Amino acid sequence: LPPENIEDAPRTESSLKLSLHVKVTDGVCEELLHRGSTLPAQTTKLFTTTHDDQASARLEIYAGERPFCEGNRFLGMMELAPLPIPSY
């Protein structure tokens, strides 16, 4: 039978074998989660868009330890849309 409370459920912890990065300007990788982070994990980073009032942003996610995306493994891409419009 399943436990009545989620806290009573057995836990299996997993950790990242490689750091997770997002591609920023000129192919540089910005680290989101460090290698060895316990999963599930959560992080918060603030990024800006390249143009004012940009409607969407494409994120390319990589795994690896190198500072440039070219040396890391491409995992996938996602698009964030619509982006919130700033109030000036």
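**Entry 1: Ser37**

I looked up the neighbours of Ser37 and found that, leaving out residues up to four places away in sequence, Ser37 touches Ser14, Ser15 and Leu16. Contact here means heavy atoms within 4.5 Å. Ser37 sits in the loop between β3 and β4. I also noted that the side chain of Ser37 reaches the backbone oxygen of His34 at 2.6 Å. I count this kind of pair as a polar contact, that is, N or O atoms within 3.5 Å, where within protein one must be able to donate a hydrogen and the other to accept it, and residues adjacent in sequence count only if both atoms are side-chain atoms.

**Entry 2: what I am working with**

The model is predicted, so I note that local features need pLDDT of at least 70 and side-chain atom pairs count only at pLDDT 80 or more, while totals for chains, interfaces and linings use all residues. Residues are numbered from 1 along each chain as its sequence is written, and side-chain values use heavy atoms, with hydrogens and water left out.

**Entry 3: the chain as a whole**

I found six strands and zero helices in the chain. Both are DSSP runs numbered from the N terminus: helices are H or I with at least four residues, strands are E with at least two. From the N terminus the order is β-β-β-β-β-β.

Of the 88 residues, 19% count as buried. Buried means under 20% relative accessible area, exposed means over 50%, and partly exposed is in between (1.4 Å probe, protein chains only). Among contacts between residues at least 6 apart in sequence, 44% join residues at least 24 apart.

**Entry 4: β2 and β3**

I looked at how β2 and β3 are arranged, and they pair in the antiparallel sense over four bridges. Two strands pair if DSSP finds at least two bridges between them. Val22 has Glu30 in β3 as its bridge partner. The two strands form a hairpin with five residues between them.

Asp26 lies in the loop between β2 and β3. Asp26 has a positive phi of about 60 degrees, although it is not a glycine. Asp26 counts as exposed because its relative accessibility is 72%.

**Entry 5: His21**

A polar atom of the His21 side chain lies 2.7 Å from the backbone oxygen of Gly64. Leaving aside neighbours within four places in sequence, I listed the contacts of His21, among them Cys29, Leu32, Ile61, Tyr62 and Asn72.

**Entry 6: salt bridges**

How many salt bridges does the structure hold? I found two. The rule is a side-chain nitrogen of Lys or Arg within 4 Å of a carboxyl oxygen of Asp or Glu.

Lys23 is partly exposed at 37% relative accessibility, whereas Glu60 is buried at 19%.

Another salt bridge is formed by the side chains of Glu30 and Lys45, at 3.2 Å from N to O. Glu30 lies in strand β3 and Lys45 in the loop between β4 and β5, so the pair ties together parts that are 15 residues apart in sequence. Glu30 is partly exposed at 30%, and Lys45 is partly exposed at 39%.

**Entry 7: cysteines**

I checked for disulfides, taking a pair of cysteine sulfur atoms within 2.5 Å as the rule. The count comes to zero. Cys29 is buried at 11% relative accessibility, and Cys69 is buried at 4%.

**Entry 8: backbone details**

Pro82 is in the segment after β6.

Asp53, in the loop between β4 and β5, has a positive phi of about 55 degrees although it is not a glycine. Asp53 is exposed, with a relative accessible area of 56%.
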